[in-house]
Amino acid sequence: MLLSILLIYLLMGTVAGVLAGLLGIGGGAVLVPGLLAVFALQGIDAPAMVHQAIATSLACVVFTALSSIRAHHRRDSVDWALFRRLAPGLLVGSLLGAFVADMIDGRMLQRIFGVAALLIGLRMVLQGRATGGQFDLPGVAGLGIVGTLIGGLSALIGIGGGSLTVPFLSACRVQMVRAVGTSAACGLPIALAGVAGFLITGWAEPGRLPHSVGYVLWPAVLGITAASMLAAPWGARLAHGLPAATLKRGFGVLLCVIGLRLALAA
């Protein structure tokens, strides 16, 4: 059983890493339902299970983002000036999001994630019908507000924010390749602040799984990130060589199915 769980963690990390590099998402959309499935496979029904899946996903995003940032930076696809204007809001929002998540019941938090996954999936499926960017980037204050909103929602559902940041930047006439690269960089402050929040709020929480610090389950983090950091550069290379629209629609359909299942779970 332990070997099977480790192999599943490695597979999850590979998928998350490729998605981070290819689509500019941190992989949380895969990791949270994947971790919940692994917990169920082990027969675990701990009170803090959903919170731990979200916190562990964000901890994995830290390492996935580092690898993805390095790959995108080499291709000059990260707008660092834009990143610096978004980062303060992302940090504040993500930290607040972790504290809000701690106050929500695990079953309700699972349903919130399910609805969010469904909406993200629908956007991916329908994005081919969208028009190009129609707005200008807001000023520093506006980017701070947007960053806070993206950071807060991302921490609440355990994602790196790419599925929110990429469409925002694209709508503001940022070239898609640079939107993906900049989004990958934005995943780092989101994940760091979110993990800090979940470490604090889950520090004395009863009903956590063994080998946890706060809400973060570190054996899962180690297994997933070992694969994801190797896989993220593959995804970044694919992003510069393949039309990702078809892959995004396919992944969007999968997210819709996962989202419905989690949102409607008893």
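Some ground rules come with it. Because the model is predicted, local features need pLDDT of at least 70 and side-chain atom pairs count only at pLDDT 80 or more, while totals for chains, interfaces and linings use all residues. Residues are numbered from 1 along each chain as its sequence is written, and side-chain values use heavy atoms, with hydrogens and water left out.

**The core**

Let's start inside. The largest nonpolar core has 71 residues, and Tyr9, Leu35, Leu36, Phe39 and Phe198 touch the most other members. A core here is a set of buried Ala, Val, Leu, Ile, Met, Phe, Trp, Tyr and Cys residues joined through side-chain atoms within 4.5 Å. Buried means under 20% relative accessible area, exposed means over 50%, and partly exposed is in between (1.4 Å probe, protein chains only). The top contributor to this core is helix H3 (residues 49-74), with twelve residues. Helices (H or I, at least four residues) and strands (E, at least two) are DSSP runs, numbered from the N terminus.

Take Phe39: skipping neighbours within four places in sequence, its contacts (heavy atoms within 4.5 Å) are Tyr9, Ile44, Met49, Ala53, Leu209 and Leu217.

**Helix H2**

Phe39 is also one of the buried residues of H2. This helix (residues 28-41) has 14 residues and should span 20 Å at 1.5 Å a residue; its end C-alpha atoms are 19 Å apart, which agrees. The expected span is 1.5 Å times one less than the number of residues. H2 is mostly covered, with eleven of its 14 residues buried; among them are Gly28, Pro33, Leu35 and Leu36. Just past the helix, Gly43 has a positive phi of about 75°.

**Aromatic pairs**

A search of the whole structure turns up two aromatic pairs. Rings of Phe, Tyr and Trp (its six-membered ring) pair if their centres lie within 6.5 Å; planes under 30 degrees apart count as stacked, over 60 as edge-to-face and the rest as tilted.

| Pair | Centre to centre | Angle of planes | Type |
|---|---|---|---|
| Trp80 and Phe83 | 5.4 Å | 85° | edge-to-face |
| Phe198 and Tyr215 | 6.0 Å | 75° | edge-to-face |

Trp80 and Phe83 are three residues apart in helix H4 (residues 80-102), so about one helical turn separates them. Trp80 is partly exposed at 29% relative accessible area, whereas Phe83 is buried at 15%.

In the other pair, Phe198 lies in helix H8 (residues 176-201) and Tyr215 in the loop between strand E1 (212-213) and strand E2 (216-217), so the pair ties together parts that are 17 residues apart in sequence. Phe198 is buried at 0% relative accessibility, and Tyr215 is buried at 2%.

**Two single residues**

Gly161 lies in the loop between helix H6 (140-157) and helix H7 (162-171). At 1% relative accessibility, Gly161 counts as buried. Not counting residues up to four places away in sequence, Gly161 touches Ile150, Ser154 and Ile190.

Thr225 lies in helix H9 (residues 218-239) and is buried at 7% relative accessible area. A polar atom of the Thr225 side chain lies 2.6 Å from the backbone oxygen of Val221. Leaving aside neighbours within four places in sequence, Thr225 is in contact with Cys60 and Phe63.

Notes
Polar contact = N/O pair within 3.5 Å; in protein donor to acceptor, adjacent residues only side chain to side chain.
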